[in-house]
Amino acid sequence: MFKGYDFSKLEQVFHYMNQDGASCDGTWIEENIFPSKYKSRDKIRTILDIGCGTGKITANIANYLPNAKVVGIDVDQYAIDTALKLKEDEDLTNVEFYLLGGDHLKEEWTGRFDWITMLKVFHDLPNPGPCLKGAMRSLKDDGVMTLHDPLCHSDPKLNVGSKIHASTLTLSCYICLPCSLSAPPAVGNGIGWGLENRAKYLRDNGLTIHGNESVEVIHCSKTLK
Ligand SMILES: C[S@@+](CC[C@H](N)C(=O)[O-])C[C@H]1O[C@@H](n2cnc3c(N)ncnc32)[C@H](O)[C@@H]1O
């Protein structure tokens, strides 16, 4: 028996994500997640958003890059149904949504994507290894992967006295921690995993991180031998 629960039990979170995603427009994308320092905009033609949730940010990426093909995947049925409705309502032609886990990415996607995003997803995963492996297989050798995880240090002493760390850790007890305990092997990373442990995990698994690794949004590429 696993003690956690996943996003399907967290309808209010999806409701919040819908609202939150709406404010993540092209300007937000450019200023916060777009890897412009590492890949020029015209070189990003294929994008995979793993754990796209209700799809608002994915749709905004598709609008921001109208010449690109964008794919959003998520394991949650409600999230994908909402994303598909959004695609229809907004008549989006350059985005597809699939009910699919990051650990079951299609074979035909091998080496396909210029840019892969995992926005507020990685620390939630009960089994991050297969998902990362699938993402790396699907990333082009010169592609960029962008991860967004909450601001929290791995060393608890560095979080002491910070309101932002206190509030994210509290939130984690209700959302991220149970999600990361919801299936085997239930690694239980939650927010408390912290940015430094995330960076070490990525490096140990064959990624090179560009720039500062102790920030919420990082960009990385495959370490080529
Ligand atoms: C906190 S939400 C983030 C949603 C969206 N990326 C955003 O930034 O608004 C995390 C999402 O990851 C999805 N998720 C969890 N495990 C997953 C997996 N193994 N593969 C794909 N998606 C997953 C959840 O269903 C949820 O929609």
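Helices (H or I, at least four residues) and strands (E, at least two) are DSSP runs, numbered from the N terminus.

A word on the model before going on. It is predicted: local features need pLDDT of at least 70, side-chain atom pairs count only at pLDDT 80 or more, and totals for chains, interfaces and linings use all residues. Residues are numbered from 1 along each chain as its sequence is written.

Back to α5. Which of its residues are buried? They are P128, C131, L132, G134, A135 and S138. Because they cover an arc of only 160 degrees around the axis, they sit on the same side of α5. The arc is that of the directions from the helix axis to the C-beta atoms. Buried here means that 20 or more other C-beta atoms lie within 10 Å of the residue's own; exposed means 12 or fewer, partly exposed is in between, and C-beta atoms are placed from the backbone.

The buried residues of α5 pack against β1, β4 and β5. Contact between two residues means that their C-beta atoms, placed from the backbone, lie within 7 Å. R137 is also in α5, which spans residues 128-138. R137 counts as partly exposed because it has 14 C-beta neighbours inside 10 Å. From R137 to D103 it is 34 residues in sequence and 11 Å in space, C-alpha to C-alpha.

Next, the sheet. It is open and has 7 strands, in the order β3-β2-β1-β4-β5-β7-β6, with mixed pairing. At the edges are β3 (95-99) and β6, each of which pairs on one side only. From one strand to the next, the twist averages 20 degrees. Two strands pair if DSSP finds at least two bridges between them.

Now along the order. β1 and β4 are parallel, with 3 bridges, and L48 has I116 as its bridge partner in β4. β4 and β5 also run parallel, joined by 6 bridges; F113 is bridged to L139 in β5. Why is β4 described as largely enclosed by the rest of the structure? Because 7 of the 7 residues of β4 are buried.

β5 (residues 139-148) and β7 (residues 217-222) pair antiparallel over 4 bridges, and the partner of H148 in β7 is V217. β6 (residues 207-210) and β7 are antiparallel too, over 4 bridges, with L207 partnered by K222 in β7. β6 and β7 make a hairpin with 6 residues between them, and G211 in the turn has a positive phi of about 75 degrees.

G102 is in the loop between β3 and β4. Is G102 buried or exposed? It counts as buried, because it has 25 C-beta neighbours inside 10 Å. Leaving aside neighbours within four places in sequence, G102 is in contact with I50, G51, I73, C131, G134 and A135. Of these, C131, G134 and A135 are among the buried residues of α5. G102 and A79 are 23 residues apart in sequence and 15 Å apart in space, C-alpha to C-alpha.

Then helix α6, residues 163-174. Its 12 residues reach 17 Å from first C-alpha to last, close to the 16 Å expected at 1.5 Å a residue; the expected span is 1.5 Å times one less than the number of residues. H165, T168, L169 and S172 are the buried residues of α6. They are on the same side of α6 because their arc around the axis is only 100 degrees. What covers them includes α7 (176-179). K163, S167, T170, C173 and Y174, on the other side of α6, are exposed.

Last, the annotation. UniProt, in an unreviewed entry, places the feature "domain: Methyltransferase" at residues 46-151. UniProt positions are given in the numbering used here, feature names are shortened, and annotations may be inferred rather than shown by experiment. Over residues 46-151 the chain is 31% helix and 31% strand, and the end C-alpha atoms are 28 Å apart.

Notes. Axes fitted to C-alpha atoms, helices over the stretch in contact; angles between N-to-C directions.
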